[in-house]
Amino acid sequence: MRRLPSFTNEDDPVLDAYLSRFLPDEDLYALERILVGLAITLTAVAGAALVIHSAYFSSLTALLLRSMFFSLLAGTGMLLLGIKRKRFPVRLIFYALAAIALIPGPYLYQNYISIIRMGAIAKPVDVYLFVATVMVALVLARYYLGWTMVLLAGIALGYAVFGYLIPGEYGHAGYGLDRLTSNLFLRTEGLFSMPMGVAAEYILLFSLLGGLLLRSGLGKVFVDIAHALTGGVQGGPGLTAVVSSTMFSSINGSAVAGVVTTGTFTIPLMKRTGYRPKVAAAIEAAASSAGQIMPPVMGAAAFLMAEMTQIPYATIAAAAAIPALMYVFALLVSVRLEAGKFNLERANPDEIPSIWTVLAKQGYMLLPLVALVGFLVYGFTPAKAAVLCIAATILLSPWKKETRISLLDILEVCVITVRNVMPIIAAVAIAGILIGVLTLTGLALQISSMILSWGGDSMFAVLLLTMAASFILGMGMPTSAAYLLLAILVAPALEKFGLPILAGHMFIFYYGLLSAITPPVAVAAYAGASIAGSEPNETAVEAIRLGFVSVVAPFMFVYAPELLLIGTPVQIVIAVIGAFGAVFALGTAFTGWIGRHLVVIERLGLVLASILLIGPFGDAQTDLVSLGAKLLGAAIAIFIIWKAVNSNDTRLSPVSSRS
């Protein structure tokens, strides 16, 4: 097919420059490029406008909001998939799927009253639309998440239809397409259930806020502040990476995006000061993962957790703070000790900005984040607080030319934000199918019973099974999507065992996130390795060593729920002091250096001290046995560290960073 004349700057330079921001130039026909680019912009902006309007005015019922939201974003997602195909006939298929995706929302909006009057009994046209919508959801899941979610949805739907063929307690009567349509499409129990509601009410909204903040230059502000605070310390660039990437990823919502954004600055800087490439990449990957557990946003998973557990958002954000700070503290300790171990250089003083200069010139860009916390404390809903902060960000941006956000920037942020959240949209659509089928067939109770039967009467065994399931199901998935899947399939088993609901959900949340830095997937570690030029699996191993808190913390707050602010003030204070002491001791043991290299017996002593510090060994943190164990652990750690720091043994002095 002959290509139409190219669209050049001479035709409309503004439009061409805008389309070039997110459309490929080489494979699309000129007219196709214009039409598809405008269609992507229109649907993305409409989706953003829908969630902003709904967040502030709350004018739509749940079914209508969620279905319209899915239609607009699924349509945008299909168009974004289509433009990546090289062959025009294949692109046409995706364009057709985009058109199909745009039908369910308006259809349900137009026929909502009749659906209510008929008790959501499916008509033939409803069945056809349900099948088409499921097909769209499966295609989105295939291209944005991989085959795992597609297979899970296929198994769930197959089980719903053919369950009558399964003998015993796992079988059921079987359900036809009309019943599935009624439950999964015409009600808020399937495709448009709670997960889609969270995506429509919170995830896109906060992702849009994050996109606008970063477009205004907040990412650079984070890096400059972190570099100003830590750049002068030995190993300062590594500490800069920890602080800046944690702040960036907590807003951005993606560990990989944090690595490829802040890592392009921090990884080369770390390598210049002597960090080994695999360690530089691992620090960045572990730090970007930290942003996913850091309140207030937590990669949008906090809002999902609030809906899944019916625990107020503020309670979840407060409970998540101590484990998140423990993680960041462990990273800072490990990075600083790594720098001392290899006697790394400090950053060039000429490259370190003054903190006061940074705050004077760019500090005003932090005001929307301060306002967000203020609105939440004052009592605004998270959604309304996000809308107000979006407005504040746009109003603040014109103060300086470099932070100014133009109309085209806003349009592009809408498109890029929708593109970034598409994996989550695909995940919540599939999760809705799973929830609908599990509820309809009663399989959710069977899965929980199966996990409990395998674990027997041992909570530790059940936790190990849950850890393994969480890690496997979370492989390669976005944080929010991984948590959502695990909350549906795994969390009920922990609740049945008597674990506090918040502790159980935080447990699976942490282990679902762990796959971002753990082989064989380790997407964040691999992204860092590509920037640093290091071996990917070696980088992932280093990331696990540095981010060890993400491995041990879930067990810590299961056996010491005081770390989640569950308990009396005295118990919480004792647990927090012990936990931070344990993290310091364990980080030192893993690094094997503090003032000098530690011998094996000293490292084992620090591991023992960390176990004693974590506790409790009685019924509560304030039991005499628990307090005695903590005091003994503290004494062991202090003695080993004091002995190492004051040692004059030159044989155990720092080694060269090149060794």
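Trainee: Which residues have the most contacts inside the largest nonpolar core?
Mentor: Phe-69, Phe-70 and Leu-140 do, in a core of 215 residues. A nonpolar core is a set of buried Ala, Val, Leu, Ile, Met, Phe, Trp, Tyr and Cys residues joined through side-chain atoms within 4.5 Å. Buried means under 20% relative accessible area, exposed means over 50%, and partly exposed is in between (1.4 Å probe, protein chains only). Keep in mind that this is a predicted model: local features need pLDDT of at least 70, side-chain atom pairs count only at pLDDT 80 or more, and totals for chains, interfaces and linings use all residues. Residues are numbered from 1 along each chain as its sequence is written, and side-chain values use heavy atoms, with hydrogens and water left out.

Trainee: Okay! Which helix gives the largest share of this core?
Mentor: Helix H20, residues 407-441, with 21 residues. Helices here are DSSP runs (H or I, at least four residues), numbered from the N terminus.

Trainee: And what is Leu-140 in contact with, leaving aside its neighbours within four places in sequence?
Mentor: Its partners are Phe-70, Ala-74, Gly-77, Met-78, Leu-81, Leu-145, Met-422 and Ala-426. Contact means heavy atoms within 4.5 Å.

Trainee: How many residues are in the second, separate core?
Mentor: That one has 13 residues, including Leu-337, Leu-598, Leu-606 and Ile-640.

Trainee: New topic: how many salt bridges does the structure hold?
Mentor: There are 7. A salt bridge is a side-chain nitrogen of Lys or Arg within 4 Å of a carboxyl oxygen of Asp or Glu. Take Arg-91 and Glu-32, whose closest N and O atoms are 2.7 Å apart. This pair links distant parts of the chain, with Arg-91 in helix H4 (residues 88-101) and Glu-32 in helix H2 (residues 30-57), 59 residues apart.

Trainee: Is Arg-91 buried or exposed?
Mentor: Arg-91 counts as buried because its relative accessibility is 1%.

Trainee: What about Glu-602, which residue does it form a salt bridge with?
Mentor: With Arg-596, where the closest N and O atoms are 2.7 Å apart. Glu-602 is buried, as its relative accessible area is 7%, and Arg-596 counts as buried at 6%.

Trainee: Which residues are linked in a network of salt bridges?
Mentor: Arg-276, Glu-338, Glu-542 and Arg-545. Inside that group, the side chains of Arg-545 and Glu-542 meet at 2.8 Å, N to O. Those two are 3 residues apart in helix H27 (residues 536-546), so about one helical turn separates them. Glu-542 counts as buried, at 11% relative accessibility.

Trainee: Let's look outside. Which residues form a nonpolar patch on the surface?
Mentor: Val-599, Val-600, Ile-601 and Leu-604, with about 390 Å² of accessible area together. Patches take residues with over 30% relative accessible area and no salt bridge; nonpolar side chains (Val, Leu, Ile, Met, Phe, Trp, Tyr) are joined within 5 Å, and like charges within 9 Å. Areas come from the Shrake-Rupley method with a 1.4 Å probe, and for residues only the protein chains shown count as cover.

Trainee: Where is Leu-604?
Mentor: Leu-604 sits in helix H30, residues 600-614. Leu-604 counts as exposed because its relative accessibility is 52%.

Trainee: Last one: what pLDDT does the chain average?
Mentor: The average is 83, and 91% of the residues score at least 70. pLDDT is the predictor's confidence in each residue, from 0 to 100. Over residues 1-10 the pLDDT is below 50, and this stretch has 21 contacts in the model beyond near neighbours in sequence.
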